[in-house]
Amino acid sequence: MRPVTDATPLIAANAVAFDTETTGLDVREARILQLGGVALVNGRLQPGDAFETLVDPGVPVPPRSTAIHGITGQMLRTAPGFADAWPRFEAYRKGRLLIGYALGFDLAVLEREAHRAGLLWQAPRTLCVRMLAGLVNPHLPDASLEAIAAWLEVDTSGRHTATADARIAGEIFIALAPHLAERGIRTVAEAERASSLRSQALRQQAEAGWSEPFLRRTGAPSHALEAIDPYAFRHRVREAATGEPVVAHEDLAVLEAARLMAKHRISSLLLSADGRSGGSIAEYSIVTERDVLRAVASGGGEALAGRVSAIASKPVIAVQGDAFFYQALGLMSREKVRHLAVSDSEGHLSGVISARDFLKFRAGAAVDLQARIENATTPADLAGAWSRVAVIASALLDEEIDARIIAEIISGILCSITANACRMALQEMQADGLGAPPVSYAVMVLGSGGRGESLLAADQDNAVIFAEGAPGGLEDKWFAVFAEKFTDYLHTAAIPLCRGGVMARNPAWRGSVETWRARVDAWVAKARPQDLLNVDIFYDLRAVYGEEALVTALAGHAWEKGAERVEFAKLLGESVRNVGSPFTLFGGFRQENGRLDLKLHGLFPIAALARALAIRHHLPHASTRARLEALAELPAMPRSDLLALRDAHRFLIARVLEQQVEDIAAGIPLSNHIAVDRLASGQQKTLKDALRTVAIIPELVRSAMFAN
């Protein structure tokens with residue numbers, strides 16, 4: 001089960017709803033009498049997956065406590081002590097997030113119990129529904145569990161048993177998640193940060209001796225999502241090694257050895273005197289496909305008739321199956337080999353592993369993500385998949401992968417999630433009796449997603465085209481319902497509705513082929529300033545679901561019409577001439593609340609310039625990079641300026657992505673603003689240079705618009 005991370009969405013959390021029953025309410029004296037937990041899997045309560053145990057406190061149970069929860073000393077005679085009960089609960093929890101009501105009390109009591117029992121106390125990652133409910137509804141008559149449950153219509157039957165109270169807390173958490181999302185609190189880190197800002201409630205709890213009901217960050221959060229690639233430290237060699245190694249007689253001919261490798265689709269062959277596996281590692285030699293190629297290159301075809309043992313290597317370099325991946329990879333690196341024999345604990349041959357096997361195993365993370373998207377059946381499933389994007393981006397940034405490639409990967413995942421939301425919407429409509437789509441159609445992603453330049457603060461930009469049907473007609477009404485459903489799915493899955501309304505649920509972004517062609521013709525012919533935002537988004541379209549040919553034909557029509565009318569492209573270029581300067585009078589950065597908007601001052605004007613000039617010169621490329629490079633190849637174009645903008649674009653994307661990864665870890669709502677002070681001095685200088693390059697865009701528009 002995937003562990004909790006900063007980016008884990010609340011609606012898709014793997015967690016344990018938790019509660020205790022105690023001897024009293026004074027944290028200094030209270031002892032644990034009962035532990036209870038109920039699992040949440042992908043944000044859904046699992047009543048059949050629960051934990052409950054009574055706990056012998058070693059002291060008498062006060063009658064006033066028994067009157068509340070019904071636990072008597074007689075019931076505890078055979079119960080385990082805390083020293084036994086808590087490790088059992090932790091084994092059940094398996095590192096999952098803990099959710100509960102008034103968790104600060106429970107955590108304080110648990111910590112004292114751990115110290116008494118001589119256990120090492122490690123505070124778990126937690127969220128308190130009492131704190132979260134106060135964020136959503138500060139006007140509740142009181143903060144009791146009953147009041148919160150009544151407001152959210154959660155059943156409170158069975159109160160004052162640990163498992164029942166845990167179940168109630170879990171149901172409250174599930175009910176709170178959409179309310180929190182409407183306030184921009186979608187992830188675990190955002191919930192932790194929002195809880196930490198409730199200073200008055202925290203002060204009152206501290207005065208009562210309670211612990212803080214969340215893990216408070218210490219120091220900079222910038223590494224919370226960073227990852228050395230964890231797969232190498234988490235998996236063992238036996239997980240990727242071949243189960244039964246192919247072994248041949250050492251007197252085999254080279255040609256026969258090559259045929260054997262081809263037959264079994266392997267890149268190495270183990271050799272021994274008896275041709276059997278299971279012997280001591282020292283009995284074996286190894287030949288690889290590279291050895292065969294080198295032999296043929298050196299000796300020609302005659303080498304194939306020779307004995308394979310003449311080109312094999314001995315002794316075989318081996319690693320134990322229990323070794324971690326990083327140990328095997330280190331051994332390969334040190335010995336400069338690509339294949340290792342795998343031994344059991346007694347030194348006998350049990351398998352073979354190659355560098356290719358490691359790569360295949362590592363690719364499982366990507367395969368797993370795609371499987372999570374394709375197998376999603378609820379918005380929570382989609383949210384769980386989307387939450388992995390931040391971790392992927394962080395790891396790729398650490399490996400210094402080109403930020404434009406990372407943005408392209410994010411865009412691809414966004415498009416895949418959009419496609420699956422469409423599939424889920426279709427299934428729901430058919431289940432509701434609304435039938436199949438009335439005509440062929442396609443769903444498009446627009447804007448940065450269509451260009452392949454999405455960052456982690458992505459929202460929705462989408463549209464629908466269908467084969468035929470008038471605005472407001474039967475076809476349009478069917479697709480209106482479809483669009484509302486799939487955009488709602490995406491919104492719930494942490495890809496928010498577009499604030500500008502660029503979504504298929506709005507009539508302006510939905511229509512037949514005829515409607516869309518007329519719409520494009522009107523945009524180009526009239527070229528009104530109010531149309532420019534539409535065009536900005538529309539010329540970055542990408543088909544993600546349905547009949548791609550409909551989108552391809554519409555895109556071709558739009559690019560052709562755009563190139564025909566010079567006034568249209570010119571007006572598009574003019575739209576990027578009035579972007580304000582990012583610098584103050586004295587040359588510093590013009591910041592707001594300590595941050596600089598890199599979309600406003602960099603990413604938008606570069607993308608808009610590239611789009612306008614590409615339309616003008618009929619270069620229907622998808623990405624800003626491809627557009628700028630294609631423009632730079634045209635005669636009479638200011639090549640060096642265009643390539644400088646390309647490089648500036650790459651630098652700015654990287655800085656925004658880095659900031660967004662840090663903000664996710666800190667629970668700060670995502671934006672395209674960066675904290676300039678976090679940059680090293682060299683990066684600040686490069687940022688100034690990049691933004692000065694952006695400042696040439698107005699002049700570049702004038703010179704490049706009519707270059708031939």
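Does cysteine 415 count as buried or exposed, and at what relative accessibility?

Reply: Happy to. Cysteine 415 counts as buried, at 6% relative accessibility; buried means under 20% relative accessible area, exposed means over 50%, and partly exposed lies in between, with a 1.4 Å probe and protein chains only. Please keep in mind that this is a predicted model, in which local features need pLDDT of at least 70 and side-chain atom pairs count only at pLDDT 80 or more, while totals for chains, interfaces and linings use all residues. Residues are numbered from 1 along each chain as its sequence is written, and side-chain values use heavy atoms, with hydrogens and water left out.

A disulfide is a covalent bond between the sulfur atoms of two cysteines. Here it is called when two cysteine sulfur atoms are within 2.5 Å. The disulfide count comes to zero.

Next, a helix with a surface feature. Isoleucine 405 lies in helix α16, residues 403-431; helices are DSSP runs of H or I with at least four residues, strands are runs of E with at least two, and both are numbered from the N terminus. Isoleucine 405 counts as partly exposed, at 38% relative accessibility. Together with Ile401 and Ile409, Ile405 forms a nonpolar patch on the surface, with about 210 Å² of accessible area in total. Patch members have over 30% relative accessible area and no salt bridge; nonpolar side chains (Val, Leu, Ile, Met, Phe, Trp, Tyr) are joined within 5 Å and like charges within 9 Å. Areas come from the Shrake-Rupley method with a 1.4 Å probe, and for residues only the protein chains shown count as cover.

The charged side chains come next. A salt bridge here is a side-chain nitrogen of Lys or Arg within 4 Å of a carboxyl oxygen of Asp or Glu, and the count comes to 37. In one of them, arginine 646 meets aspartate 647 at 3.1 Å, N to O, and aspartate 647 counts as partly exposed at 41% relative accessibility. Salt bridges with shared partners join Asp402, Arg404, Arg625, Glu629, Arg646, Asp647 and Arg650 into one network. Elsewhere, glutamate 256 forms a salt bridge with arginine 259, with the closest N and O atoms 3.0 Å apart. These two residues are three apart in helix α10 (residues 254-264), so about one helical turn separates them. Aspartate 26 and arginine 28 also meet in a salt bridge, at 3.1 Å from N to O; aspartate 26 is partly exposed, with a relative accessible area of 31%, whereas arginine 28 counts as exposed at 54%.

Aspartate 663, in helix α25 (residues 639-666), is buried, with a relative accessible area of 2%. Apart from neighbours within four places in sequence, aspartate 663 is in contact with Arg595, Ile668 and Leu670, where contact means heavy atoms within 4.5 Å.

Then there are the strands, which pair if DSSP finds at least two bridges between them. In strand β1 (residues 15-22), eight of its eight residues are buried. Ala15, Ala17, Asp19 and Glu21 point one way, and Val16, Phe18, Thr20 and Thr22 the other. Eight bridges join β1 to the antiparallel strand β2 (residues 32-41), where aspartate 19 stands opposite glycine 36. Three bridges link β1 in the parallel sense to strand β4 (residues 97-100), and alanine 17 has isoleucine 99 as its bridge partner there. Strand β8 (residues 285-288) is covered on both faces, with Ser285 and Val287 on one side and Ile286 and Thr288 on the other. Strand β7 (residues 268-272) pairs with β8 in the antiparallel sense over four bridges, and leucine 270 faces isoleucine 286.

Finally, the whole chain. It has 27 helices and 17 strands, and 51% of its 708 residues are buried. The C-alpha trace spans about 95 × 85 × 65 Å along its principal axes. Of the contacts with a separation of 6 or more, 71% are between residues 24 or more positions apart. The accessible surface comes to about 31,700 Å², and 52% of that belongs to carbon and sulfur atoms.
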